[in-house]
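Biologist: I'd like to learn how to read a model like this one, feature by feature. Can you take me through it?

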Amino acid sequence: MRRRVFELRNAALRQFAAILAVSSVVFLIGLGDASAQSGSPAPDQGKAATQPADAAKDAAQNQRRTDEFAEAAQVINGPAGNPECVWLGRRVVRLMWRDDLDTAFRHLDLYDRFGCPGGHIQAAFRCLTRFGAQIDPKVAETLDSRVHACWINPASQPQQAAAAASQPAAPTAGSAQPQAAASPSPAASPSPAPQK
């Protein structure tokens, strides 16, 4: 009787092992087919497709930067036109605009170590504040282009303010008081009245 029980038990175990082996093979084949049909490209194919586009984009961006540095060197006399001063100075102005003053001050230390003029940063930031309404915070390119324009010409004015400054308003016939100038001259001290 014991022998028959052991034989029955061995047969059941063999049958369970066979079912387990077959189901494992079926599962592995199904897993392989599912990953092949997932539609995700192989890593080599994805990299190969994006590399030419990225390379062209990087080349265009590097050419634009080189052109900006060359333009700054031609327009600005002195150390503010040096490429290292242009790069660090524009970065400081951009960081100041974004209220990242800690990072801006760290960059300003580097700017000073290269012997770049600090007054140019002040003038460029002053220029940038004049154009504040024209800078779209959601589009980084507007800020970058405006920072570069202010770095090249810190005395530039927004179109509306420049048009108003170039065409002073003529006083009308009904007004007795002339309009005040943009920067009033100091008033002369009153002279003593002659005694009678």
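Predicted model: local features only at pLDDT ≥ 70, side-chain atom pairs only at ≥ 80, totals over all residues.

Biologist: Let me step back to the whole fold. How many helices and strands does the protein have?

Modeller: There are seven helices and zero strands. Reading from the N terminus, the order is simply α-α-α-α-α-α-α.

Biologist: And what share of the residues counts as buried?

Modeller: Of the 196 residues, 18% count as buried. The accessible surface comes to about 15,200 Å², and carbon and sulfur atoms account for 58% of that. For contacts, look at pairs at least 6 apart in sequence: 61% of those join residues at least 24 apart.

Biologist: On to charges. How many salt bridges does the structure hold?

Modeller: Three. Start with Glu 68, which forms a salt bridge with Arg 64, the closest N and O atoms being 3.1 Å apart. Glu 68 and Arg 64 are four residues apart in helix α2 (residues 43-75), so about one helical turn separates them.

Biologist: Is Glu 68 buried or exposed?

Modeller: Glu 68 counts as buried because its relative accessibility is 14%. Arg 64, at 33%, counts as partly exposed.

Biologist: Which other residue forms a salt bridge with Glu 68?

Modeller: Arg 90 does, with the closest N and O atoms 2.9 Å apart. Arg 90 lies in helix α3 and Glu 68 in helix α2, so this pair ties together parts that are 22 residues apart in sequence. Arg 90 is buried, with a relative accessible area of 7%.

Biologist: What about Asp 144, which residue is its salt-bridge partner?

Modeller: Arg 94, and there the closest N and O atoms are 2.8 Å apart. Asp 144 sits in helix α6 and Arg 94 in helix α3, so the parts tied together are 50 residues apart in sequence. Asp 144 is partly exposed at 25% relative accessible area, while Arg 94, at 17%, counts as buried. When you read salt bridges, also look for shared partners: they join Arg 64, Glu 68 and Arg 90 into one network.

Biologist: Now aromatic rings. How is a pair of them described?

Modeller: By two things, the distance of the centres and the angle of the planes. The structure holds one aromatic pair. Tyr 111 and Trp 151 form it, edge-to-face, at 6.2 Å centre to centre with 85 degrees between the planes.

Biologist: Where in the chain are the two partners, Tyr 111 and Trp 151?

Modeller: Tyr 111 is in helix α4 (residues 101-113) and Trp 151 in helix α6 (residues 140-152). They are 40 residues apart, and the pair links distant parts of the chain. Both Tyr 111 and Trp 151 are buried.

Biologist: What sits over the ring of Phe 131?

Modeller: The charged end of Arg 146, 4.0 Å from the centre of the ring.

Biologist: Which residues does Leu 95 touch, again leaving out those up to four places away?

Modeller: Asp 100, Thr 103, Ala 104 and His 107. Leu 95 is found in helix α3 and counts as buried at 13% relative accessibility. From Leu 95 to Phe 105 it is 10 residues in sequence and 9.1 Å in space, C-alpha to C-alpha.

How values were computed:
Residues numbered from 1 in each chain as written. Heavy atoms only, no water. Phe/Tyr/Trp six-rings, centres within 6.5 Å; stacked < 30°, edge-to-face > 60°. Helix = DSSP H or I, 4+ residues; strand = E, 2+ residues; numbered from the N terminus. Buried < 20%, exposed > 50% of the residue type's maximum accessible area, 1.4 Å probe, protein only. Lys NZ or Arg CZ within 6 Å of the ring centre and 35° of its normal. Contact = heavy atoms within 4.5 Å. Areas by Shrake-Rupley, 256 points an atom, 1.4 Å probe, with all protein chains shown as cover. Salt bridge = Lys/Arg side-chain N within 4 Å of Asp/Glu carboxyl O.
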